[in-house]
Amino acid sequence: MRSSTTADARGMLGALLTQWGEAMLGLQVRQPGRRGLYGGLLCPACSLIHGRAFEVVHPFMYLARTTGNPRYVQAAVDAVDWADQVSCGDGSWLNEVTGQWKGTSIFGAIALGEALQLGEDLAPPAILAGWRERFRRVMAFLDTFVTIETGNINYPLTATWAFALAARILDEPAYLKRATELAQAAHACFNSPNLFIHGEGKLRSPRGMPAVDLGYSVEETLPALTAYARLAGDEAMLDLVTRAYQRHLAFMLPDGAWDNSWGTRCYKWSYWGSRTADGCQSALFTLAERDPVFASAALRNAQLYATCTHEGLLTGGPHYASRGESLCMHHSLCHAKALASALHWLENHELPDELPPLPRELAPAVTSFAELDTHLLARGPWRATVTGYDAPYQDGAGHPSGGTLSLLWHATLGPIFAAGMSIFQHWEPTNMQWDRQWDTPKAQPVVTPRLEMTVEGIRYASMFCETPAIETRLENGQVVCEVRGQLVDRHQQHPPEGPIGYYLRYGFSDREATLTGRFEGHAREVRMALPVIASAAEAVTRQTPTTLSIDKEHGTLLLKADSELLANVNERHFAHTPGFEVVPVLLLLTTDRPSATFHLSKL
């Protein structure tokens, strides 16, 4: 007899995958004679066919098998045929039709390999033979292309899955040897006490911190290593990924969101995960037999997918629909693969009926990760992240440092602050949406809480400081975090008049959260910027010059300060990363009044 949890999980994931699948079917170009377009999936947000669109072959073949609908088989065949537009003579696929990067051939190989395993008795033998030959060619390319140094670390570690699949599908033991060699090398990438994966970026920070990105780790690298370990029977790797996920779950919020407000590649952070990674369900459900909390996490995260799904597609964050943004199909394309894998697993495995709470629901007052200088704080209904992490991505991807309150969440009201990029960097133009109301990327709004001043057009801000001093403690029933640093520009330069110090204090009690900001130096004016999450549908009301309220679905957020709150209650800024609208609130600090305190509570 199926457990109720298993039945519920299959029902929810199946409904979600079918919803995405139907929407993606509707995006497939099917007009006869549209050479170069036929079979591709046209993205409504990006007005192009993403080069990886053919990876839909995996979820389409799963849906064909479970629904019996032959449309999915034909759509899968046509999508793979379209992939000729990104195929190269060496067997690789390009990331985009006009691109040069071939590393995403790893993901295409996995998708095609999984489809081959699902396709028996579904697709005509000639089609399967053609797919098998195409799979053989891409694996021959990857055999010469992939080393442990190839690209960011997610590429070679995900390749373990591709090579293990190839060993099984092509009956080539040499590929299993390649998979095992990469897996052995992978152990060295977990060389921190908390088993964070190093290598999402090639640079170490000025303070020696490794390049770590939560989104890529939990949604791509760890799932791939889990799949490899299952195929290869690598118990040591299964043990490693189990322990790594147990540590990474400290960053999952009770609503299923992944808190990647601090990661090196936060430019692709969506509240539910990472834009073009595949999702965590394929790994977490398979690991639930080792720790049932993984099933809790997989279900919570999938529920968040559902709330962020509109017009049949997974949007880039909670407020894309209320903002009226066009919907990029890339999120659904990638995450549908994880749902298909998870559903395939759940066909023959059971989940426990009783699932434990998530770690961050029961979190201690302070959890600090020294190798990231990032601190998770918990008191009553509040969950907060304070980060001084300074590892760059290339020449700086704009994740906050400086002791920034990069995330604040309330058990009833939901997310209150969620930091975006400190400086918008269009690293991956076809994988990153941006708000078209802003004329240039540089004009993109900053939704990160901060102290800042502007001199001759240059911003000097707390979020740029790479040498903050952060101290956390319990004090009179409160969780307290104090930060000291200096206002600098993105290049760590001081303002022309000399160094300006700053002090930040965050306090959390059962009743309220308080934020204090102060500057020390010769500045005439410093702004305390507090971009508070509020969708256009959430009314913001000015009650007094120092008090605002925001009506949320499950209660009212009260904002109070000891000086005037500057805010246009009808104005909303939006950041595609992580997908929220905010009302920009300012407090002005001056030489006569260099300090201010901001209070948040639930009415």
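Visitor: Which helix holds Ala295?
Guide: You're looking at a predicted model, where local features need pLDDT of at least 70 and side-chain atom pairs count only at pLDDT 80 or more, while totals for chains, interfaces and linings use all residues. Residues are numbered from 1 along each chain as its sequence is written, and side-chain values use heavy atoms, with hydrogens and water left out. Helices here are DSSP runs of H or I with at least four residues, strands are runs of E with at least two, and both are numbered from the N terminus. Go to residues 293–307 and you'll find Ala295 in helix 11.

Visitor: Is Ala295 buried or exposed?
Guide: Buried means under 20% relative accessible area, exposed means over 50%, and partly exposed is in between (1.4 Å probe, protein chains only). Ala295 has a relative accessibility of 0%, so it counts as buried.

Visitor: What does Ala295 touch, leaving out residues up to four places away in sequence?
Guide: Touching means contact, that is, heavy atoms within 4.5 Å. Pro352 is 57 residues from Ala295 in sequence, with 8.5 Å between their C-alpha atoms. With residues up to four places away left out, the partners of Ala295 are Leu284, Phe285, Ala288, Leu351 and Leu355.

Visitor: Which residues touch the most other members of the largest nonpolar core?
Guide: A nonpolar core is a set of buried Ala, Val, Leu, Ile, Met, Phe, Trp, Tyr and Cys residues joined through side-chain atoms within 4.5 Å. The largest one has 149 residues, and helix 6 gives the largest share, 11 residues. A second, separate core has 53 residues, among them Tyr460 and Leu530. In the largest core, the residues that touch the most other members are Met24, Trp131, Phe135, Met139 and Phe285.

Visitor: How do helix 6 and helix 7 run relative to each other?
Guide: Axes are lines fitted to C-alpha atoms, for helices over the stretch in contact, with angles from 0 to 180 degrees between N-to-C directions. Helix 6 (residues 154–169) and helix 7 (residues 173–186) have axes that come within 7 Å and cross at roughly 155°. Under 35 degrees counts as roughly parallel, over 145 as roughly antiparallel, 65 to 115 as roughly perpendicular, and the rest as oblique. The crossing angle therefore makes the two helices roughly antiparallel.

Visitor: How many nonpolar, polar and charged residues are in the contact of helix 6 with helix 7?
Guide: The helix 6 side includes Leu157 and Phe163, and the helix 7 side includes Tyr175 and Arg178. Ala, Val, Leu, Ile, Met, Phe, Trp, Tyr, Cys and Pro count as nonpolar, Asp, Glu, Lys and Arg as charged, and the others, Gly among them, as polar. By class, the tally is 13 nonpolar, 1 polar and 1 charged.

Visitor: What is the phi of Asp121?
Guide: Asp121 lies in the loop between helix 4 (105–119) and helix 5 (125–145). Its 76% relative accessibility is why Asp121 counts as exposed. Although Asp121 is not a glycine, its phi is positive, about 70°.

Visitor: What about the phi of Glu311?
Guide: Glu311 sits in the loop between strand 5 (309–310) and strand 6 (313–314). With a relative accessible area of 74%, Glu311 is exposed. Glu311 is another residue other than glycine with a positive phi, near 50°.

Visitor: Which peptide bond is cis, with omega near 5°?
Guide: Look in the loop between strand 22 (573–575) and strand 23 (580–590), where you'll find Pro578. The cis bond runs from Thr577 to Pro578.
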